[in-house]
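The paragraphs below go through a set of chains one at a time and then through the places where they touch. Please keep the display at hand while reading.

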Amino acid sequence: MTTPLAGYLLVAALLFAIGLGGALVRRNAILVLIGIELMLNAANLNLIAFWRFGPHPEALTGMMFAIFSIAVAAAEAAVGLGLVIAIYRHTNTAELDKIDRMKG
Amino acid sequence: MNAVFYILAALTLAGGLATVLLKQLVHCALAVTVAFAGLALLFLQLDAQFAGFAQILVYIGAVAILIVFAILLTRGSELPKDGVFSKTWFLGLVIAAAVFAVLGWAVLASVSAVPQQNAVPSVTVRDIGIALVGRYVLPLEIVALLLTAATIGAVIVAMHEKERPR
Amino acid sequence: MIATPEATNPFFVNLDQIFVFLSNWLVGFLPAVLRPVAGVVLGVVAIVCVFPGLFALTTVFERKGLGRIQNRIGPNRVGPYGLFQPVADGIKSLTKEDIVPLRANAVVHFLAPLVLVVTVFMGFAVLPMGRNMVLVDMDAGLLFFFAMGAATELSVFMAGWSSRNKYSLLGAMRAVAQMISYEVVLLLSSVAVVMITGSLSLPKIVAAQNQYTGVFPHWYIFTPWGLAGFLMYAIAATAETNRSPFDLPEGESELVAGYHTEYSGFKFALFFLGEYLAMFSISGLGTTLFLGGWSAPFSFLVWVPSWFWFFGKVMLSIFVFIWMRGTLPRLRQDQLMNFAWKFVLPFTLLNLLVTALWRFMGEGWARWMVCTVILVAAYVVMGRVEMRSEHFGRRSYRYAE
């Protein structure tokens, strides 16, 4: 690890991989959503790290991007979990491999 | 690179790993909260005070609570009989590892090319506010629209399908 | 604002700053490298000592006050006038057996009270408790306070879920739903103050209110939007701290004791402490935002030490909390939610618009008229509309079949 920036980027990459792994290997729809949240968070860490160590921190680009991304992620979580609850009410399960019918 | 960074990184990654590996869904939700908190502390360590507090407020205060509510509403706190991992878990693991390998390689290979500025940026909340309603006002409005749409959408999706007569 | 001769008197200036001087003097014994750290540690120690002490006093005060309201005497056995009752209670809770339910989730069950108390204590870090008496003057202090407040919700859920008790779980779900609903209001009513002050830093918000016209201070509560905002804030704060009349999460008649049903001994004491500390911190924030923080209520009283005013105002709001607890009956769950989303939240949003109007109409009496008229009209119209759907006829009962 040569520079601070590389350290943060590696942590973010690892977190992204963990989130991706979680989204791919778990069966529960909520856990998949959590995995996606982790991936978004890893991206935020990248944005903040680039803002901090980048050439123009006073332009605030990375920081703003991260703040907007936090807001969008909150909306995504609300709608995603609402969908999971709606599906659960319909099929009585939140396990993704049991929700395999196209017909309601 | 200092000790604080290593501790926070370890905390965040441990939270993330626990989220993915734990069986009980509520434990997963609590573990992901640890990961969120670790990330917020990393933001603070990167001198992004506003983003760090916003992260705590939004993720721990709202998203984590939403997740636990969803878990309880879908009876997710009961362990499923046939395991928590999908049948294709190995494939998923390979893909995740491959993605990490590519990302890590990209980071390490481009270390020398990345610009490096170590001076602490002096950004106050006031600057952020002025930027939000100045240069970034259009994204702000779009986010406002998106949040309104998401609120209405989430309510409609999660509403009872049949209106019960009163 | 130093106006009166007493205010420039060195004795009163010293009395005002006595804790600052004391802290600087104690820290001065250390080598220069350690001083910043030692200052913070000293501040933390002071907060950790003062507020639990205040908590002990408040429990006696509350029990005596409630006794008065309910026409009985209240605790009077331990010490003069029952003043040492909290000592007895403390010893009792420390020596009681710590019972953890067999099927409880031991780790989460153990962590929940700790998380609660720690996050509540963190909130005190940004409150200015007197002139120059703030532990960390953060640029985003208000945001920090709310971030910490948001973190307490999760500890309530942890306590309720890990106990494996349906009353605990139901209480926790009620508490979390209620806290989330009213937190929106809490935040939005504080935003009005931020709009006028132009800063999220709490010392700056107090400094903006520490001015006088004649003898009267520029507290935000003495403006139309400030009064409306303060009332909404007070409602939300009562709900946020699960105090009566919003104490459904621990409705004894339905839920035993809510999310801390399965806690005993010292852990229960921690929950109890956490609840009162949350009350102190939220009253402290309300004081800072709307009641002028540590500034004196009249310009001829500025010689009284600033910390006296802060703690006086906080204790006054605690008194109002106790008074409400002794007076108002508990709400029903649907009433609570309807009240939050259909009355308090729209009114707070309207108050934000009125605040913006106030900000841009400039000085003069016109803005007083316009803002007052809008707010009063909105209050009356919204109240009427809400009440119309309520039918206050004879109560009809439905029995289980």
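Predicted model: local features only at pLDDT ≥ 70, side-chain atom pairs only at ≥ 80, totals over all residues.

Most residues other than glycine have a negative phi.

A second residue with this backbone feature is found in chain C. Asn242(C) is not a glycine, yet its phi is positive, at about 55°. Asn242(C) is placed in the loop between helix 10 (224-240) and helix 11 (252-255) of chain C. As for its surroundings, Asn242(C) counts as buried because it has 23 C-beta neighbours inside 10 Å.

Chain A contains three helices and zero strands, and along the sequence its pattern reads α-α-α. The radius of gyration of chain A is 17 Å, well over the 13 Å given by the globule rule for 104 residues, so chain A is more spread out than a compact globule. Along the principal axes, the C-alpha trace of chain A spans about 55 × 25 × 15 Å. Of the 104 residues of chain A, 61% count as buried. Among the contacts in chain A between residues at least 6 apart in sequence, 48% join residues at least 24 apart.

Within chain A, helix 2 (residues 29-53) and helix 3 (residues 61-91) have axes that come within 9 Å and cross at roughly 175°. Helix 2 of chain A is therefore roughly antiparallel to helix 3 of chain A, since angles over 145 degrees are classed that way. On the helix 2 side of chain A, the residues that meet helix 3 include Ala29(A), Leu33(A), Leu40(A), Leu47(A) and Trp51(A). Among their counterparts in helix 3 of chain A are Met63(A), Phe65(A), Ile70(A), Ala77(A) and Val84(A). By class, the residues of this contact between helix 2 and helix 3 of chain A divide into 17 nonpolar, five polar and one charged.

Chain B is helical as well, with six helices and zero strands, in the order α-α-α-α-α-α. Of its 166 residues, 34% count as buried. Residues 24 or more positions apart account for 52% of the contacts in chain B that have a separation of 6 or more. The domain assignment divides chain B into domain 1 (1-87) and domain 2 (123-166). The C-alpha centres of domain 1 and domain 2 of chain B are 23 Å apart.

How do the chains meet? Two pairs of chains are in contact, and chains A and B share the most contacts. In that pair, 69 residues of chain B are in contact with 65 residues of chain A. On the side of chain B that touches chain A, at least two residues come from each of helix 1 (3-21), helix 2 (25-45), helix 3 (49-73), helix 4 (89-109), helix 5 (125-133) and helix 6 (137-158) of chain B. Helix 4 of chain B gives the most to this side, with twelve residues. By class, the side of chain B that touches chain A has 55 nonpolar, twelve polar and two charged residues.

Ala75(A) gives a local view of where chains A and B meet. This residue belongs to helix 3 of chain A. Leaving aside residues up to four places away in sequence, Ala75(A) touches Leu146(B), Leu147(B) and Ala150(B). Ala75(A) is partly exposed, with 18 other C-beta atoms within 10 Å.

The contact between chains B and C takes 18 residues from chain C and 15 residues from chain B. On the chain C side, helix 7 (141-162) and helix 8 (166-197) each supply at least two residues. Helix 7 of chain C gives the most, with eleven residues. The side of chain C that touches chain B has 16 nonpolar, no polar and two charged residues. Chains A and C are joined by no contact, and their closest C-alpha atoms lie 14 Å apart.

Key. Residues numbered from 1 in each chain as written. Chains lettered and ligands numbered in written order. Domains from an automatic or database assignment. Contact = placed C-beta atoms within 7 Å. Helix = DSSP H or I, 4+ residues; strand = E, 2+ residues; numbered from the N terminus. Nonpolar A, V, L, I, M, F, W, Y, C, P; charged D, E, K, R; others polar. Axes fitted to C-alpha atoms, helices over the stretch in contact; angles between N-to-C directions. Parallel < 35°, antiparallel > 145°, perpendicular 65-115°, else oblique. Buried ≥ 20, exposed ≤ 12 C-beta atoms within 10 Å, placed from the backbone. Rg over C-alpha atoms; globule rule 2.2 N^0.38 Å.
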